[in-house]
Every structure is written in structure tokens, then in C-alpha cells.
Amino acid sequence: MAITVPRRQLFIGGQWTDPVRRKTLPVVNPATEDIIGYIPAATSEDVELAVEAARNALTRNKGKDWARASGAVRARYLRAIAAKVTERKSELANLEAIDCGKPLDEAAWDVDDVAGCFEYYADLAEGLDAKQKAPLSLPLDTFKGYVLREPIGVVGLITPWNYPLLMAVWKVAPALAAGCTAILKPSELASLTCLELADICREVGLPPGVLNILTGLGTEAGAPLASHPHVDKIVFTGSTATGSSIMTSAAKLVKPVSLELGGKSPIIVFDDVDIDKAVEWTMFGCFWTNGQICSATSRLLVHEKIADEFLDKLVKWTKNIKISDPFEEGCRLGPVVSKGQYERVVKFVSNARKEGATVLCGGTRPGHLKKGYFVEPAIISNVTTSMEIWRDEVFGPVLCVKTFSTEDEAIQLANDSQFGLAGAVLSNDLERCDRVSKAFEAGIVWVNCSQPCFCQAPWGGTKRSGFGRELGEWGLENYLSVKQVTQYISNEPWGWYKPPSKL
């Protein structure tokens, strides 16, 4: 399939704009290793222009054009964007698949979710109008009070490459719904669909500067955005190391941040499950999106009574996964995103073997694919809790396995991690599932499944997986500042100070 990669510029102040330094970055198709296009590479000078454009859009006409417009006005733009996304679904899915390597079926699903996310936050934007001036119940009848919900201001949104458009929209949609103006900095490894989002915003007439999109390297564009004094908040999804660096920059300015960082999430499989169903959910939890999921349930804890049968079936099912170019019909595992990521994944598997673990399958290039960053999905057993493969995030199709004998042991092993993004429990005993759900030290729990995500439900983690929540009403609150207004309504003087004596 011949796919044309549009040649785009930076999107600043509603206009396509060349980078000040005229720098570009190559776009590499991870399935072929071929350069298929170029994206503009922003630097600190472009960040200055984008922040200025966002600040102007926030305050234009005293905020009446956007920040202080009704939620209903902003909702109309969000719905128009959703409609255009749906109209251009095929084009966007193709660009996503060729850019980051995910199977085309998955990319198409993502685009549906993008449109749904804009629609959802359009509804919440309209709902904001009814919540303004919500009265407070005060203990003194001489006062009345109410609450205003106001946009937090100019926000910097820094997003990853595994769901390039969808995770950008998880931030863009609620930010715009709240009345913020934004600068989006997508990952340099997969930016094509975010630049097309800029084109859609231009088509629907989004007011200039409300959304600005800067592609480029994290060090040259992301870092100056995170540390900019006129950006009021940073929202970031990515590695724990980068999140820590962003926190450090923000702390100097006492700037709020929301961070969705790494994970090494557990999936606990008890001995009362339907094994075939549990095997498929275990695979989906780790190998979906080519294994490049922050919430991947990549630590399998399986009850010792069923471990042999479970692993035998798991290996057979895994070897049956169709690994191919993302555009081949029936593809269920494409390449990882880059050469660097390929080398990282293969090294993790190699290190696990050196540490004494057993690689039951995968972890190397498939024999039928001579080019591209393809890695056969790996299952690794005989793992100890001190091993790198058990403790560190791989961000690739690699599942490590331990057995357990009791519920308490499973919970202890599940929570023995620096991360706390997600966890899954598979059992026919729903009371047990409820106990385990409460015991997980994680922000997301799945029962008898793994990885489903809905824009109505909160998303985020604990421990080194970050803080703050995206999606749902919590995602909107991320971009709002709450102001209380209290009014004295009595006709009587306050009477605290004695008035001066009359002469």
C-alpha cells in the first residue's frame, strides 16, 4: 500500500510555520527501516513563539474568545474536530500504522477512540456552564458563597509514541474543554497524526493559538516547554526518568504537573479460571500494541496448580500470533517503534537468560522478517524477584512469569514493585477479585480482563508510575482551577472594631 506522508510545518498561532532554525527529523517506517518523510524539529525559539501564541489566545478579547467563553461554545469546536477525525479515519489510521508500527486494525480502533474522546469532553464542556457559581452552604446567614471553575491557563502537553494521536487527545480534549490554551509536543518517534490534528483544527476554524503543535526532540523542544515560566502547567506521559526531570524543572517555578509514567504491572491468574480465556487475556495484556503499553500486565503470577498447563497453552497461543507488516490482513503484532527500542527489548531478554531465567519462546527477530524492528513475543519463566526482567519496564512484547500458592503470596509479589500503574486479577471467585482489587497498590485494576480503557474512567497510577488522573471527569478537573467567591450580604456593619468617638 502506497501511503503519502504529508509534509507539514509547525502549527503556531493557527498557521503553518517553519522552525526558526529550519531543522527537520526523518520519519522512519519501523516495518521497513526506510525513511518515508520528514517532520519539522522545533527548538527553544519556536517554543517561545508557541507560548506567546497560546498566551495571546487565552487573553484575547479579555478571554471572551476562549477561556471565558461558555462551555457550549468550546463544545461546538470539539464536536467539529470529532467529526473531521471520523471523516479522515482511514487516512489517520494508515499514518499511525506506518509511523509507529502498530497493526492497522489497532490504529483504526485508536482513531475511533480519538473521535469518542472529543465527543465526551464536548459533553463535559457543556456541563461546566451549569456548575459555574455552584452555591456553598455556609454556617453564617450573613454570607453567601459560590465556586467558579476556571481554566488553569496555558498548558504544555508532552506525549508518547505508543498511542501517538490517542494519548495526545487524552490531554488536548479536556484541556480545550476546560478553556485552556495548549502547546502539544508529541514524541519525535511518532508525530505524523498529531500534525494532521493541527490540519483538522485549522479546517474547523479553531481560534488561532488555542492549540499549537511543536514536533521535535525532547531535549530541544520538550525541555524548554517544561521549564517555560509562562506555561502554567505541564502534563506528561512517558518514562519515569523524564517525568522526574520535568518535576525538577517545574518545582523551580512552583508549577503544577500531572505525570503518567512507567509501569511493571501484574496479572494474577488463580486456579479456578477458564484457562483458554485467561491465556488470551494474558496475551492481550502484554502483547497488545506490540507490547509497548505503559500499563502492560507484563508480570504474570499464575497459581502453581495450573502453571504447567497454563504455560504450555500460553506458549502455543503466543507462537500462533501473526507477526507481519502492520498493513497485512490479520496482523496482530507489528514492529517496535525504532532501532533503539528493538535493541533495548532484545537486550532485556538476553540479560534475563544470562541471569538464569528460562526463555520459553521469542525475544529474537522472526525468521521470516529480515528487515524492520520486529521482535517475537517472549515468555520468560524461572524468574526471581531480584532480576532486571521482573523489576524494570521493558516496553516491548516480553512477559515474565512466577508461580504462587496462596492469595496473600500473590498480592505480596504483585505489590513488590516501584511502580503502581495497573493490575489485573483473573478468577471465577468474585469476592476474591474484590479483595485483590482493594489490595493492589495501583491506580487501575482489571477484573477478568486486561487493558480495556474507556474515556469515562480515570487513568493514572501511584508510586513511581506518577500522579494525577486523566480521562473521565477527573481529566477535566486536571485543567481547572477552583476559585471561591464569598459575599457579605447583611445590611448591618460587621462590628468587629469599635468606631471612633463622635466629636
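Student: Which residues of H11 are buried in this model?
Tutor: The model is a predicted one. In H11 the buried residues are Gln 341, Tyr 342, Val 345, Phe 348, Val 349, Asn 351 and Ala 352.

Student: What do the buried residues of H11 pack against?
Tutor: They pack against strand S14 (358-361), strand S15 (378-381), helix H12 (388-391) and strand S16 (398-404).

Student: How many residues does H11 have, and what does it span?
Tutor: H11 covers residues 339-354, which is 16 residues. From its first C-alpha to its last it reaches 22 Å, close to the 22 Å expected at 1.5 Å a residue.

Student: What about Lys 354, buried or exposed?
Tutor: Lys 354 is found in helix H11 and counts as exposed, at 68% relative accessibility. The cut-off for exposed is over 50%.

Student: Where is Asn 61, and how exposed is it?
Tutor: Asn 61 is in the loop between helix H1 (44-59) and H2. Its relative accessible area is 47%, so Asn 61 is classed as partly exposed.

Student: Back to H4. What length does it reach?
Tutor: H4 has 28 residues and reaches 41 Å from first C-alpha to last, close to the 40 Å expected at 1.5 Å a residue.

Student: At what angle do H2 and H4 cross?
Tutor: Roughly 170°, and their axes come within 8 Å. That makes H2 roughly antiparallel to H4, because angles over 145 degrees fall in that class.

Student: Which residues meet there?
Tutor: The H2 side includes Ala 72, Ala 75, Leu 78, Ile 81, Ala 82 and Val 85. The H4 side includes Val 111, Val 114, Ala 115, Phe 118, Ala 122 and Leu 128. Charged residues take part too, among them Arg 74 and Arg 79 in H2 and Glu 119 and Asp 123 in H4.

Student: How does the contact of H2 with H4 split by class?
Tutor: The contact has 14 nonpolar, two polar and six charged residues.

Student: What angle does H2 make with H6?
Tutor: About 125°, with the axes 9 Å apart. H2 (residues 71-87) and H6 (residues 192-204) are therefore oblique to each other. H2 passes H6 in a right-handed crossing.

Student: Which residues make that contact between H2 and H6?
Tutor: From H2 there are Tyr 77, Ala 80, Ile 81, Lys 84 and Val 85, and from H6 there are Leu 197, Ile 200, Cys 201, Glu 203 and Val 204. By class, eight are nonpolar, none polar and two charged.

Student: New topic. How do H13 and H14 pack?
Tutor: H13 (residues 407-415) and H14 (residues 430-439) pack at an angle of about 30°, with their axes 10 Å apart. That makes H13 roughly parallel to H14. Their crossing is right-handed.

Student: Which residues of H13 and H14 make the contact?
Tutor: Glu 407, Ile 411 and Asn 415 come from H13, and Arg 432, Arg 435, Val 436 and Ala 439 from H14. That contact divides into three nonpolar, one polar and three charged residues.

Student: Last one. Where does Pro 229 lie?
Tutor: Pro 229 lies in the loop between H7 and strand S10 (233-237). At 56% relative accessibility, Pro 229 counts as exposed. Pro 229 and Lys 252 are 23 residues apart in sequence and 9.6 Å apart in space, C-alpha to C-alpha.

Terms used: Residues are numbered from 1 along each chain as its sequence is written. This is a predicted model: local features need pLDDT of at least 70, side-chain atom pairs count only at pLDDT 80 or more; totals for chains, interfaces and linings use all residues. Side-chain values use heavy atoms; hydrogens and water are left out. Axes are lines fitted to C-alpha atoms, for helices over the stretch in contact, and angles run from 0 to 180 degrees between N-to-C directions. Helices (H or I, at least four residues) and strands (E, at least two) are DSSP runs, numbered from the N terminus. Angles under 35 degrees count as roughly parallel, over 145 as roughly antiparallel, 65 to 115 as roughly perpendicular and the rest as oblique. A crossing is left-handed if the near helix is turned anticlockwise from the far one by less than a right angle, and right-handed if clockwise. Contact means heavy atoms within 4.5 Å. The expected span of a helix is 1.5 Å times one less than its number of residues. Buried means under 20% relative accessible area, exposed over 50%, partly exposed in between (1.4 Å probe, protein chains only).
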